[in-house]
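Student: I have a model open and would like to learn how to read it. Can we go through it feature by feature?

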Amino acid sequence: MDLKTASALRRLRLVSVPEGVSFLLLMLCSVLKRTTDFNAVPVMGAVHGILFIIYVVFWLDAWSKTKWELKTAALYFVLSVLPTGGFFADRMLRREAEATVIASRARKEGVINA
């Protein structure tokens with residue numbers, strides 16, 4: 001994996017958890033708005049919207065650099081619209097990065113020819 005690809009995956013990982021947290025907080029604020037006088041939906045909506053847009057931009061960048069299959073790219077996008085999907089995306093991206101590093105080290109050491 002080259003440095004640009006690794007950076008793209010890292011950026012996507014770094015934004016996936018905050019995006020997931022902001023989604024959960026937005027849902028909580030929505031419930032509180034309807035059950036109490038507390039209304040933080042406009043603020044949380046804006047925060048979540050910005051983080052979601054950043055996630056999509058980083059997702060597109062990672063997709064173009066990693067050359068994921070359509071199925072894999074679609075999975076990462078679907079995870080961004082599920083309430084806890086950002087946490088699963090982070091875990092999956094971490095595993096993918098670790099596997100790529102292991103394969104890269106094995107290629108450097110001549111263990112595999114892939």
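Tutor: Start with one residue and its contacts. Leaving aside neighbours within four places in sequence, Ser 80 is in contact with Glu 19, Phe 52 and Tyr 55. Keep in mind that this is a predicted model.

Student: Where does Ser 80 lie, and is Ser 80 buried or exposed?

Tutor: Ser 80 lies in helix H3. Its relative accessible area is 1%. Buried means under 20%, so Ser 80 is buried.

Student: Which backbone oxygen lies 2.5 Å from a polar atom of the Ser 80 side chain?

Tutor: That of Phe 77. Both Phe 77 and Ser 80 also belong to the contact of H3 with H2.

Student: Then take that helix pair. At what angle do the axes of H2 and H3 cross?

Tutor: Roughly 170°. H2 covers residues 41–66 and H3 covers residues 70–80. Their axes come within 11 Å. Angles over 145 degrees count as roughly antiparallel, and H2 and H3 are therefore roughly antiparallel to each other.

Student: Which residues make the contact?

Tutor: From H2, they are Phe 52, Tyr 55, Val 56, Trp 59 and Trp 63. From H3, they are Leu 70, Ala 73, Tyr 76, Phe 77 and Ser 80. By class, this contact has nine nonpolar residues, one polar and no charged.

Student: What lies in the loop between H2 and H3?

Tutor: Lys 67 lies there. Its relative accessible area is 65%, so Lys 67 is exposed. Check the backbone too. Most residues other than glycine have a negative phi. In Lys 67, phi is positive, near 60°.

Student: Next, H1 and H4. How far apart are their axes?

Tutor: They are 7 Å apart. H1 spans residues 3–35 and H4 spans residues 85–109. They pack at an angle of about 165°, which makes H1 roughly antiparallel to H4. The handedness is a separate reading: the crossing of H1 and H4 is left-handed.

Student: Which residues meet there?

Tutor: H1 brings Leu 9, Leu 12, Arg 13, Ser 16, Val 17, Gly 20, Val 21 and Leu 24. H4 brings Gly 86, Phe 87, Ala 89, Asp 90, Leu 93, Arg 94 and Glu 96. The residues of this contact divide into eight nonpolar, three polar and four charged.

Student: Pick one of the charged ones. Is Asp 90 buried or exposed?

Tutor: At 14% relative accessibility, Asp 90 counts as buried. Its place is in helix H4. Not counting residues up to four places away in sequence, Asp 90 touches Arg 13, Ser 16 and Val 17.

Student: How should I relate sequence separation to distance in space?

Tutor: Set the two values side by side for a residue pair. Leu 60 and Ala 8 are 52 residues apart in sequence. From C-alpha to C-alpha, they are 9.3 Å apart in space. For Pro 42 and Cys 29, the separation is 13 residues in sequence and 9.3 Å in space, again C-alpha to C-alpha.

Student: Where do Leu 60 and Pro 42 lie?

Tutor: Leu 60 lies in helix H2. Pro 42 lies in helix H2.

Student: What is the accessibility of Leu 60 and of Pro 42?

Tutor: Leu 60 has a relative accessible area of 43%, so Leu 60 is partly exposed. Pro 42 has 55% relative accessibility and counts as exposed. The cut-off for exposed is over 50%.

Note on methods. Residues are numbered from 1 along each chain as its sequence is written. This is a predicted model: local features need pLDDT of at least 70, side-chain atom pairs count only at pLDDT 80 or more; totals for chains, interfaces and linings use all residues. Side-chain values use heavy atoms; hydrogens and water are left out. Axes are lines fitted to C-alpha atoms, for helices over the stretch in contact, and angles run from 0 to 180 degrees between N-to-C directions. Helices (H or I, at least four residues) and strands (E, at least two) are DSSP runs, numbered from the N terminus. Angles under 35 degrees count as roughly parallel, over 145 as roughly antiparallel, 65 to 115 as roughly perpendicular and the rest as oblique. Contact means heavy atoms within 4.5 Å. Ala, Val, Leu, Ile, Met, Phe, Trp, Tyr, Cys and Pro count as nonpolar, Asp, Glu, Lys and Arg as charged, and the others, Gly among them, as polar. Buried means under 20% relative accessible area, exposed over 50%, partly exposed in between (1.4 Å probe, protein chains only). A polar contact is a pair of N or O atoms within 3.5 Å; within protein, one must be able to donate a hydrogen and the other to accept it, and residues adjacent in sequence count only if both atoms are side-chain atoms. A crossing is left-handed if the near helix is turned anticlockwise from the far one by less than a right angle, and right-handed if clockwise.
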